[in-house]
Amino acid sequence: MKAGNRRFGAADRRLLPEGRLAGPMPWVIAIMMFLTVLAAAAGLGLGTAASSLSANVGQRLTVQLVEANPDRREAEAAAAVRKLQGMSGVAEVRRLAPEEMQKLLEPWLGSGGLEADLPIPALIDVDLNPGAPGIETFRSAILAVAPSARVDDSAAWLAPLAKLISALRMLAGALVVLMILASAATVVLAAKAALDTHRNTIEVLHLMGSTDVQVARLFQRRIALDALFGGLLGLIGAGIVLLLIGQRVGALGSELLGSAGLPALSWALLAALPLAGVLLAMVVARFTILRALGRML
Amino acid sequence: MSAAGTIVQFDNVGLRYGTGAETLSDLSFSLREGGFYFLTGPSGAGKSSLLRLLYLAQRPSRGLIRLFGEDIVTMPRGRLPGFRRRIGVVFQEFRLVPHLSAYDNVALPLRVAGVEEKDLETPVREMLAWVGLGHRSSARPATLSGGEQQRVAIARAVIARPELLVADEPTGNVDPEMAKRLLHLFDSLNKLGTTVLVATHDLHLISRVARAEMLRLDRGQLLDPTGALRNPPRGPSA
């Protein structure tokens with residue numbers, strides 16, 4: 001093989017002293033990876049929560065019929081249900097039964113049962129298909145047959161929550177980017193320190209005819225091993241933390257928090273982060289070392 | 001190689017470190033292929049600087065240097081490794097890789113040149129035996145005496161059978177008997193076609209190679225105003 005293209009073999013790896021875990025770099029990478037995995041997991045979990053929210057609640061209308069006269073209220077409710085069932089974009093129309101209404105009002109009115117003469121609005125839940133027309137189409141159609149109807153769009157009252165989730169996801173993404181930049185800076189510093197430490201060996205290798213690429217590969221390999229060790233350590237630590245948090249959230253029984261779980265694909269993405277870290281470390285180390293070697297004769 | 005059999009040619013070469021005075025001035029000389037040369041001169045005369053130019057650790061501040069028939073002053077640095085592999089160097093301070101054994105230090109030029117592991121064990125062991133260190137092949141430089149380190153450095157310089165061998169005070173730390181053996185090694189290599197340039201203060205050593213030619217350097221300049229080399233060497237008076 002042409003010498004300039006030759007990779008150093010197993011024996012040549014000893015050209016740099018053994019003891020790859022010497023120095024702080026693997027431990028710094030482990031901390032960075034720990035924080036990166038947590039930030040990425042938060043971003044992915046919030047993404048799952050946002051999708052779940054949008055799928056479960058965002059595509060839903062609630063129709064309230066506030067007519068005080070029970071007969072007219074019943075007539076309007078029946079007309080509204082019929083009208084909605086005939087409209088395109090409607091997946092399901094469901095009128096809440098009196099028992100469900102009682103359950104909903106229990107926190108305010110107590111469990112003693114509703115007074116017969118108390119005017120309780122009729123409620124109709126409407127699930128929409130994706131691509132359904134806007135709320136105004138439904139509102140005007142329902143008002144035509146039920147003048148006392150109030151039509152609420154779930155997405156409207158969910159908007160602030162959705163915005164908060166979106167902001168938190170962006171924050172998580174920004175944290176991941178910052179961690180990546182900090183990790184790259186760590187690799188640059190480690191590569192420069194390694195070059196300074198082994199300057200004499202590098203000069204000797206150069207004077208014997210080693211190419212920059214041959215020398216860079218030695219450092220790349222060493223830095224990749226350090227990054228792999230640190231990355232796996234950080235991933236394991238973050239994985240344990242995420243599992244513990246998952247257990248606590250599960251114990252809360254909250255539908256909203258529970259929806260922020262991590263599907264298998266998200267776990268796979270998190271598991272791939274150390275490998276991405278190794279690749280990043282190798283590329284950054286190679287660039288840094290080749291640049292430094294380029295300044296030598 | 002140049003057509004005229006010249007392996008090294010210096011033409012008005014000057015070398016200045018930083019903004020100081022020139023360490024080497026107006027050097028013009030040539031070494032022919034297969035020659036044996038001694039470079040002498042007092043300490044501080046610029047011998048090591050001249051050798052650094054020869055083994056491509058330094059480019060000159062001015063002038064022209066042709067090595068193996070090519071201008072190495074303007075040569076892109078990407079081509080330099082190929083030229084360096086044709087040169088063996090014995091550094092004055094040895095420059096052994098401290099964490100490698102004597103064996104691995106000697107094997108270094110072969111590994112850099114891409115020789116397979118199975119093909120390098122025999123020559124490396126033979127070379128270590130030749131310099132009297134066969135029994136110390138696994139020793140690290142820190143555990144070797146100065147003379148032993150120097151022999152490892154010499155073995156490393158000649159293991160790849162370089163076309164040009166440059167040695168800076170190669171016998172400074174060895175006893176007279178070993179100095180004789182090492183000089184014999186250089187002589188044998190030279191007879192096989194390697195051009196040898198040895199920087200030394202040791203006039204006794206110079207007198208041992210009858211066919212050797214001599215360059216004498218003082219205050220960065222070759223003493224012979226024509227730049228021509230003495231042949232045969234004139235001994236101490238030269």
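Analyst: Chain A has nine helices and four strands, where helices (H or I, at least four residues) and strands (E, at least two) are DSSP runs numbered from the N terminus. Read from the N terminus, the elements of chain A follow the order α-β-α-β-α-β-α-β-α-α-α-α-α. The model is predicted, and local features need pLDDT of at least 70, side-chain atom pairs count only at pLDDT 80 or more, and totals for chains, interfaces and linings use all residues. Residues are numbered from 1 along each chain as its sequence is written, while chains are lettered from A and ligands numbered from 1 in the order in which they are written.

Of the 297 residues in chain A, 30% are buried; a residue is buried if 20 or more other C-beta atoms lie within 10 Å of its own, exposed if 12 or fewer, and partly exposed in between, with C-beta atoms placed from the backbone. Among the contacts in chain A with a separation of 6 or more, 88% are between residues 24 or more positions apart; two residues are in contact if their C-beta atoms, placed from the backbone, lie within 7 Å. Leaving aside neighbours within four places in sequence, L96(A) is in contact with M101(A), L123(A) and D125(A). L96(A) counts as partly exposed because it has 16 C-beta neighbours inside 10 Å.

Six strands of chain B form an open sheet of mixed pairing, in the order β6-β7-β8-β3-β9-β10. β6 and β10 (221–222) of chain B stand at the edges, each with a single partner strand, so one side of each is left without a neighbour in the sheet. Two strands pair if DSSP finds at least two bridges between them.

Helix α5(B) lies across β6 and β7 of chain B and runs at about 175° to β6(B). Axes here are lines fitted to C-alpha atoms, for helices over the stretch in contact, and angles run from 0 to 180 degrees between N-to-C directions.

The helix packing comes next. Two packed helices are described by the angle between their axes and the distance between the axes. For α3(B) (residues 102–112) and α5(B) (residues 146–158), the angle is about 30° and the axes are 7 Å apart. α3(B) is therefore roughly parallel to α5(B); angles under 35 degrees count as roughly parallel, over 145 as roughly antiparallel, 65 to 115 as roughly perpendicular and the rest as oblique. The crossing of α3(B) with α5(B) is right-handed; a crossing is left-handed if the near helix is turned anticlockwise from the far one by less than a right angle, and right-handed if clockwise. A102(B), N105(B), V106(B), L108(B) and P109(B) of α3(B) make the contact with V152(B), A155(B) and R156(B) of α5(B). These residues divide into six nonpolar, one polar and one charged; Ala, Val, Leu, Ile, Met, Phe, Trp, Tyr, Cys and Pro count as nonpolar, Asp, Glu, Lys and Arg as charged, and the others, Gly among them, as polar.

α3(B) also packs with helix α4 (residues 117–130) of chain B, their axes coming within 10 Å and crossing at roughly 120°. α3(B) and α4(B) are therefore oblique to each other, and this crossing is right-handed. In α3(B), A102(B), Y103(B), V106(B), A107(B) and L110(B) meet L120(B), V124(B), M127(B) and L128(B) in α4(B). The contact of α3(B) with α4(B) has nine nonpolar, no polar and no charged residues.
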